[in-house]
Amino acid sequence: MLALVFLMAQAPAPPSPRTANPERPTVATHAYTVAPGYAELEQGARAFGLNGLGEGTAWDVNLKIGVRPGVQLGLFGAGYLRTGAGSGVGDVGLSLKASRVISPRASIALVPAMTLPSGDAGRGLGAGRTLGSLAGVLSADLAEGFHFDANAGPVGIGAGRPQWFTSLGLAHEGVGPAAMAFELFDFTAGAAGPRQRGFLAALMVTVAEWVVVDGGGVRGLVGGTPDQLFVGMTTNLGRIFK
């Protein structure tokens, strides 16, 4: 899975390599990568459920490492997950994002990923098998401070019939340190899970150049999609190698 990388050119760099550029809080991602040699840690807590937000809680982490210009390694997973059947560590995974500039205002990326069955499937903490995904990403800066992200690709590869994931996201730079993000996402039904569709809205606040906090929620739009409330933080950890 991780060998399927074709787009190796450099994505647009943020104003400084220490500037945090969160992929969260959306379900999808943008097409940009962490600067080479730098690391960025995303983490967040969420409460979720089909019939109430008390049904489950999770602490999710994503460590992003810039490998070379336009290439980023991600180590992600549920550091803690609680469901009605139990609690513990969830599945963890690896991703590799390869990005390419296609115009002064737009970039594309390819993001293969896989998750490992580290969570106890019998207690609802994991899938019980290794699963793969492959997302194509388009990111574009629009007029009046708006930004657009689109993701599409198969997920749940390895469980039988894959699911198809699609998302459309719109963000606005807001006023001062505050920005807003909105996303409409959809998963088709497949062997790894039921049909899901939801709408996400979040507020993001830049506390410092290298720290961004976020908070918001997800409203399920079809049966089988859990509602969510979440808070999180993205921290650029600085250079970890040359």
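Which residues form a nonpolar patch on the surface? They are Met180, Phe182, Leu184, Phe199, Leu203 and Leu221, with about 510 Å² of accessible area together.

This is a predicted model: local features need pLDDT of at least 70, side-chain atom pairs count only at pLDDT 80 or more, and totals for chains, interfaces and linings use all residues. Residues are numbered from 1 along each chain as its sequence is written, and side-chain values use heavy atoms, with hydrogens and water left out.

**The nonpolar patch**

Some terms come first. Patches are made of residues with over 30% relative accessible area and no salt bridge; like charges are joined within 9 Å, and nonpolar side chains (Val, Leu, Ile, Met, Phe, Trp, Tyr) within 5 Å. Accessible areas come from the Shrake-Rupley method with a 1.4 Å probe, and for residues only the protein chains shown count as cover. Strands (E, at least two residues) and helices (H or I, at least four) are DSSP runs, numbered from the N terminus.

Strand 10 gives the largest share of the nonpolar patch, three residues. Strand 10 and strand 11 each supply at least two of its residues. Leucine 221 sits in the loop between strand 12 and strand 13 (227-239). Leucine 221 is partly exposed, at a relative accessible area of 46%. Here buried means under 20% relative accessible area, exposed means over 50%, and partly exposed is in between (1.4 Å probe, protein chains only).

**Salt bridges**

Side chains of opposite charge can pair when their charged atoms come close. A salt bridge is a side-chain nitrogen of Lys or Arg within 4 Å of a carboxyl oxygen of Asp or Glu. How many salt bridges does a search of the whole structure find? It finds nine.

| Arg partner | Asp partner | N to O distance |
|---|---|---|
| arginine 24 | aspartate 214 | 2.7 Å |
| arginine 197 | aspartate 186 | 3.1 Å |
| arginine 219 | aspartate 227 | 3.0 Å |

Take the salt bridge of arginine 24 and aspartate 214. Arginine 24 lies in the segment before strand 1 and aspartate 214 in strand 12 (residues 211-220), so the pair ties together parts that are 190 residues apart in sequence.

Now take the salt bridge of arginine 197 and aspartate 186. Arginine 197 is in strand 11 (residues 196-208) and aspartate 186 in strand 10 (residues 178-187), 11 residues apart. Arginine 197 is partly exposed, at 32% relative accessibility. Aspartate 186 counts as buried, at 14%.

Elsewhere, Glu40, Glu42 and Lys64 are linked in a network of salt bridges.

**Backbone details**

A cis peptide bond joins arginine 24 and proline 25, with omega about 15°. Proline 25 lies in the segment before strand 1 (38-49).

Glutamate 144 is not a glycine, yet its phi is positive, about 60°. Where is glutamate 144? It lies in the loop between strand 7 (131-141) and strand 8 (146-155). Glutamate 144 is exposed, with a relative accessible area of 67%.

**A buried leucine**

Leucine 110 is in strand 6 (residues 106-116). Leucine 110 is buried, with a relative accessible area of 15%. The C-alpha atoms of leucine 110 and leucine 73 are separated by 12 Å, and the two residues are 37 residues apart along the chain.
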